Amino acid sequence: MELKRINDFYTSTNVYIISDEDTKQAAVVDPGGSPDEVIEYLKEEGLDLRYIILTHGHADHIGYVKNIKEYKDVPIVAHKDEKDMLNDASKNLSDRMRCGKTEFDADIYVDDKDKLELGNTKLSFIHTPGHTEGGMCIRVENSLITGDTLFRGSMGRCDLYGGDENKMKKSLKKIKKYENELAVYPGHGDASTLGHEKETNPYLSSKYIGN
């Protein structure tokens, strides 16, 4: 498995490209910016794009889905509880961002513990509401793409549509149970490891989420 990060200058969003080394099948995760750079990478590496996967429905993570779809019309994958947000520009905030009004339906709605395959690479979805109702993380081998649930040293905000701090605490507690060696790739900011976050992130402390 290869995992490529492209950071968008305007939104500071991390766009990820997951690819299977043997088959070259690939998925773009959270195309909220830098669509030209994403497409260029797909072409340069000879990758066979199969899916667009969304950790959640905010504009800075979905704003350029249309550009990727124009490059190759592949299924959009999102959690089933994110449908409402994807279909409403005022809820996903695209009506006030540079990407412009963005409303669409996912082609595949998944739930907690559902899986998807990219060639020999298996993706597992973990429902982690709190930042949004249908927020989710993606487990790929020893890597965890956390969207806006968990950041290096922080967590996603809970004060926007679909946000709920109590649900976020439960989601963080859920993530904390995974092994320390997991590499953490957040929706914004630098990568980390789950072990490092358990030691240093105040939002993974027992004081915040309980034992």
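Predicted model: local features only at pLDDT ≥ 70, side-chain atom pairs only at ≥ 80, totals over all residues.
Which residues form the covered face of strand S7, and which the uncovered one? Residues are numbered from 1 along each chain as its sequence is written, and side-chain values use heavy atoms, with hydrogens and water left out.

**View 1. The two faces of strand S7 and its pairing with strand S8.** Strand S7 (residues 115–118) carries Leu 116 and Leu 118 on its covered face, whereas Lys 115 and Glu 117 lie on the uncovered one. Strands are DSSP runs of E of at least two residues and helices are runs of H or I of at least four, numbered from the N terminus. In a regular strand the side chains alternate between the two faces of the sheet. S7 pairs with strand S8 (residues 121–127) in the antiparallel sense over 4 bridges; pairing requires that DSSP finds at least two bridges between the strands. Leu 116 stands opposite Leu 123 in S8. The hairpin has 2 residues between the strands, and Gly 119 takes a positive phi near 60 degrees.

**View 2. Strand S10 between its partners S9 and S13.** 5 of the 5 residues of S10 (residues 143–147) are buried, so this strand is largely enclosed by the rest of the structure. Buried means under 20% relative accessible area, exposed over 50%, and partly exposed in between (1.4 Å probe, protein chains only). Strand S9 (residues 136–140) pairs with S10 in the antiparallel sense over 3 bridges, with Ile 138 opposite Ile 145. In the turn of this hairpin, which has 2 residues between the strands, Glu 141 has a positive phi of about 50 degrees. S10 runs parallel to strand S13 (residues 183–186), joined by 4 bridges, and Gly 147 stands opposite Pro 186.

**View 3. The largest nonpolar core.** A nonpolar core is a set of buried Ala, Val, Leu, Ile, Met, Phe, Trp, Tyr and Cys residues joined through side-chain atoms within 4.5 Å. Of the 22 residues in the largest one, Ile 17, Val 28, Val 38, Leu 42 and Leu 54 touch the most other members. Contributors of at least two residues each include strand S2 (14–19), helix H1 (35–44) and helix H3 (65–71). H1 provides the largest share, 4 residues.
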